[in-house]
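I opened this model to look up its charged pairs and its helix packing. The entries follow in the order in which I made them.

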Amino acid sequence: KGSGSLYLAMGPMTVIADGTTSIVTRALHGVLDPTPSLFAAASVSGAAGAVSFGAQVENLIVRAHSTRSSIWKTTTDVFGAGGLRALALPPGLAMIVAREVPYCGCLFFLSDQVRRALRSDEAASASSRVPRDMLAASLTACVAGPISHVPSVIAAHQQAHAVSLLAACAHIRRTAGARGFCAGLVPRTVSLAGSLFVLPFSIEALQTALGT
């Protein structure tokens with residue numbers, strides 16, 4: 001449920017993230033060295049993508065699952081309860097930004113650095129690069145998972161129950177203790193390894209095919 005909505009949001013999110021990266025990189029030219037400049041640009045792009053489309057679509061998907069409703073019905077219910085403001089500024093927005101900033105920094109910067117460090121032959125075929133890129137994705141996920149997990153847990157709770165940040169934190173701590181904020185860390189880290197492999201590898205393969 002919600003996969004179609006997520007796919008539709010991916011295009012605008014990618015365009016906004018790419019545009020944000022370019023703008024931030026130019027703004028930091030001469031201010032920071034190239035490496036920290038790229039890391040900052042990649043991280044800021046995560047925030048831009050989350051605020052513009054990601055948080056809104058994700059909120060509708062999570063709410064639809066928690067209420068066992070369709071995406072359309074969830075959208076109309078949210079709009080009826082709070083208007084455009086409720087759709088544009090969903091519960092968990094701040095935590096989604098806090099999750100996406102480190103994740104996108106790892107996806108668009110750290111992942112590339114690790115892959116470059118593991119590759120001894122840039123001219124290697126795509127099939128021979130797969131094991132190294134999978135290892136790079138796994139290593140990157142071990143960083144991205146832990147540093148972005150707590151905001152992910154809080155955001156999911158806010159979205160599912162339509163509650164504030166403080167209310168979500170209080171409920172998680174009351175029902176599961178401090179360990180509740182780390183619930184699902186291992187499976188989420190494993191899933192991140194998949195996205196950290198597929199996205200960079202697919203982009204690089206497409207660029208190679210197009211000769212760019």
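Entry 1, a pair in H3. I looked up Lys73 and found its side chain in a salt bridge with that of Asp77, at 2.9 Å from N to O. I count a salt bridge when a side-chain nitrogen of Lys or Arg lies within 4 Å of a carboxyl oxygen of Asp or Glu. Lys73 and Asp77 are about one helical turn from each other, because they sit four residues apart in helix H3 (residues 71–88). Helices here are DSSP runs of H or I of at least four residues, strands are runs of E of at least two, and both are numbered from the N terminus. I noted Lys73 as partly exposed at 42% relative accessible area, and Asp77 as partly exposed at 39%. The cut-offs are under 20% relative accessible area for buried, over 50% for exposed, and partly exposed in between, with a 1.4 Å probe and protein chains only.

The model is predicted: local features need pLDDT of at least 70, side-chain atom pairs count only at pLDDT 80 or more, and totals for chains, interfaces and linings use all residues. Residues are numbered from 1 along each chain as its sequence is written, and side-chain values use heavy atoms, with hydrogens and water left out.

The structure holds five salt bridges. Arg99 and Glu100 form one of them, with the closest N and O atoms 2.8 Å apart. Are these two partners buried or exposed? Glu100 counts as buried at 16% relative accessibility, and Arg99 counts as buried at 10%. I then turned to Arg116, whose side chain meets that of Asp112 in a salt bridge of 2.8 Å, N to O. Arg116 and Asp112 are four residues apart in helix H4 (residues 93–118), which means a separation of about one helical turn. Arg116 counts as exposed, at 53% relative accessibility. Salt bridges with shared partners also link Glu58, Arg99 and Glu100 into one network.

How do the axes of H2 and H4 cross? The axes of helix H2 (residues 34–67) and H4 come within 7 Å, and the crossing angle is roughly 140°. Axes are lines fitted to C-alpha atoms, for helices over the stretch in contact, and angles run from 0 to 180 degrees between N-to-C directions. H2 and H4 are therefore oblique to each other. The scheme takes angles under 35 degrees as roughly parallel, over 145 as roughly antiparallel, 65 to 115 as roughly perpendicular, and the rest as oblique. The residues of H2 that meet H4 include Phe39, Ala50 and Glu58, and on the H4 side Arg99, Glu100 and Phe108 are among them. Contact here means heavy atoms within 4.5 Å. By class, the residues of this contact of H2 with H4 are 14 nonpolar, five polar and three charged. Ala, Val, Leu, Ile, Met, Phe, Trp, Tyr, Cys and Pro count as nonpolar, Asp, Glu, Lys and Arg as charged, and the others, Gly among them, as polar.

The axes of H2 and H3 come within 10 Å and cross at roughly 130°. H2 and H3 are therefore oblique to each other. In H2, Gln56, Leu60, Ile61, Arg63, Ala64 and Thr67 meet Ile71, Thr74, Thr75, Val78, Leu87 and Ala88 of H3. The contact of H2 with H3 has seven nonpolar, four polar and one charged residues.

His65 is in helix H2 and is partly exposed, at 44% relative accessible area. Its C-alpha atom is 8.0 Å from that of Ala160, although His65 and Ala160 are 95 residues apart along the chain. Pro187 lies in helix H7 (residues 185–210) and is exposed, at 54%.

Entry 7, the whole chain. I logged seven helices and zero strands in the protein. Of its 212 residues, 40% count as buried. Among contacts between residues at least 6 apart in sequence, 75% join residues at least 24 apart.
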